[in-house]
Amino acid sequence: MSVTMEQRHRQRWMSVLAKAKPKDLEVLWDNLPQKPGWRTLRRPEVGMVMVRGRAGGTGVRFNLGEMTVTRCSVRLENGMTGHGYVSGRHKRHAELSAVVDALMQDPDCREDVRDGIIEPLSKMHDDAREAAAVKAGATKVDFFTVVRGDD
Amino acid sequence: MYVAVKGGEKAIENSQRLLADERRGDRHVNEVTLQQIDGQLSLAVDRVMTEGSLYDRELAALAVKQARGDLIEAVFLLRAYRTTLPRFGASEPIDTGRMAIRRRISATYKDLPGGQILGASFDYTHRLLDFTLAADGERPEGELSDHVIDNEMPRVVELLDRDGMMEAELPADDEPVADLTRDSIQFPAGRDARLQALARGDEGFLLALGYSNQRGFGNTHPFAGEIRVGEVAVEFVPEELGFAIEVAEITVTECQMINQFQGSATQPPQFTRGYGLTFGYCERKAMAMSLVDRSLRASELGEDVNAPVQDQEFVLYHADNVEASGFVQHLKLPHYIDFQSELVIIRRIREQIERNRGAHQEAAE
């Protein structure tokens with residue numbers, strides 16, 4: 001699957017939105033000064049994605065189990081369409097993600113939305129991961145060898 | 001003639017009401033919240049998600065609460081719920097090699113790249129009841145460190161892979177992936193169907209089977225090559241986009257069991273692998289799963305199949321605790337007519353025996 005540069009950017013922001021906590025997104029959305037009107041092309045829908053693994057981590061694929069995912073598609077007043085696919089069952093999360101996805105595709109809004117929503121969400125995610133990593137890091141074993149005898 | 005007997009509606013209604021009453025318990029005690037269950041009974045939530053085969057912490061916490069802590073009942077609730085949701089598709093296979101590690105240990109190499117990271121584990125506790133937990137009071141936070149954790153730690157099995165000592169696990173992405181939620185299992189079952197069944201399977205059942213294997217019923221000489229716990233991204237390709245996005249980050253536990261293999265006519269002696277993977281932090285389950293996975297590979301590796309843990313039908317038909325629970329518990333349903341007929345049959349046989357005995361005695365006299 002070849003992915004264009006533009007798609008690569010979109011992959012990133014959609015992933016950031018998908019993994020965000022709904023209330024974090026809501027707060028940042030509230031702070032956004034210019035909000036567009038939109039209508040839903042596909043109303044928020046709760047469903048599942050089957051999560052797959054690989055035998056031995058690298059081998060044949062198998063179905064591990066499902067996870068809940070909510071999706072939504074919107075069209076802004078200016079005609080831009082956006083899609084939201086988010087983890088969990090939060091419909092508002094999926095709808096706002098779709099709106100933000102549409103805004104991010106609009107060159108006129110992109111910078112403000114990126115600075116106001118995407119980057120802060122990304123930082124929150126990284127901070128949470130970092131906080132877990134420094135606690136795990138403290139449990140790393142430092143082996144030392146006790147030498148007995150003189151030679 | 002078929003006679004339907006009705007009755008008991010009122011009793012059933014009151015039984016359900018009593019269940020809700022007892023679930024709530026003493027009204028002077030605060031009701032437990034889903035956040036508390038998720039945060040403080042997190043391993044119960046992890047087990048219910050794994051065996052319920054649905055990753056959703058809030059729903060699993062609700063199931064635990066509704067089931068009054070009966071985890072198999074909670075698994076049943078989650079399984080029932082998932083049938084109400086549409087499926088958008090399947091994810092790309094998760095890449096556990098790119099896990100954000102929270103625990104990672106190996107029993108086969110002391111000094112491995114990335115190091116041994118103990119994480120939060122019961123392993124080093126003394127299993128003494130901690131009465132300070134019975135009292136109120138805040139706990140200190142985990143120690144912080146400036147150790148940088150490498151998020152792309154090599155897998156231990158790959159270290160052996162390089163010199164051919166370890167069998168390779170190669171993808172076969174042209175093959176379809178078996179799905180037990182859609183098609184019933186066929187025998188002999190492929191590795192994909194087996195791993196799915198084991199991932200959903202009951203921890204206690206798999207633990208006992210793994211233990212039986214270690215004690216000699218089809219021993220596979222296992223070593224815990226690597227156990228890792230942490231977060232991985234779930235990538236999904238929405239059809240309207242045509243490219244993958246990370247829809248979530250989930251916690252998983254992975255166990256790579258390394259096992260001796262004597263070799264065969266076509267393969268040199270080398271190490272073989274058993275694999276365990278669960279949602280959340282279910283280390284005992286992942287280990288048991290990897291032991292059973294390896295044991296179920298006996299026939300493909302040309303080993304004798306003579307122990308229960310090596311028997312596909314025995315293991316895979318009995319691993320699911322929702323099915324097992326349903327069949328065992330159906331015995332509680334009214335069997336009044338069945339039982340009456342058995343009663344009649346046994347009476348008749350006894351009468352027959354009595355008559356025969358009388359006839360023999362008469363003949364003897």
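The exercises below concern a predicted model, in which local features need pLDDT of at least 70, side-chain atom pairs count only at pLDDT 80 or more, and totals for chains, interfaces and linings use all residues. Residues are numbered from 1 along each chain as its sequence is written, chains are lettered from A and ligands numbered from 1 in the order in which they are written, and side-chain values use heavy atoms, with hydrogens and water left out.

**Exercise 1. Which strand of chain B pairs with strand β2 of chain A, and in which sense?**

Solution. 
Step 1. Helices (H or I, at least four residues) and strands (E, at least two) are DSSP runs, numbered from the N terminus. Two strands pair if DSSP finds at least two bridges between them.
Step 2. Strand β2 (residues 61-76) of chain A pairs with strand β1 (residues 54-55) of chain B, in the parallel sense and over two bridges.
Step 3. Within β1(B), Y55(B) is the bridge partner of M67(A).

**Exercise 2. Is S106(B) buried or exposed, and what does S106(B) touch?**

Solution. 
Step 1. S106(B) belongs to the loop between β3 (100-105) and α6 (156-161) of chain B.
Step 2. Buried means under 20% relative accessible area, exposed over 50%, and partly exposed in between (1.4 Å probe, protein chains only). S106(B) is buried because its relative accessibility is 10%.
Step 3. Not counting residues up to four places away in sequence, S106(B) touches residues including L112(B), Q116(B) and V156(B). A polar atom of the S106(B) side chain lies 2.7 Å from the backbone oxygen of G225(B).

**Exercise 3. Where is E169(B) found, and which residues are in contact with E169(B)?**

Solution. 
Step 1. The loop between α6 and α7 of chain B holds E169(B), which is buried at 10% relative accessibility.
Step 2. With neighbours within four places in sequence left aside, the contacts of E169(B) are A55(A), G56(A), T58(A), G59(A), R191(B) and R273(B).

**Exercise 4. Examine the backbone at R68(B), R127(B) and P188(B).**

Solution. 
Step 1. Most residues other than glycine have a negative phi, and most peptide bonds are trans.
Step 2. R68(B), not a glycine, has a positive phi of about 55 degrees. This residue lies in the loop between α4 (57-66) and α5 (71-82) of chain B, and R68(B) counts as partly exposed because its relative accessibility is 45%.
Step 3. R127(B) is likewise not a glycine and has a positive phi of about 60 degrees. With a relative accessible area of 62%, R127(B) is exposed.
Step 4. F187(B) and P188(B) are joined by a cis peptide bond, with omega of about -5 degrees. P188(B) is placed in the loop between α6 and α7 (191-200) of chain B.

Key:
A polar contact is a pair of N or O atoms within 3.5 Å; within protein, one must be able to donate a hydrogen and the other to accept it, and residues adjacent in sequence count only if both atoms are side-chain atoms. Contact means heavy atoms within 4.5 Å.
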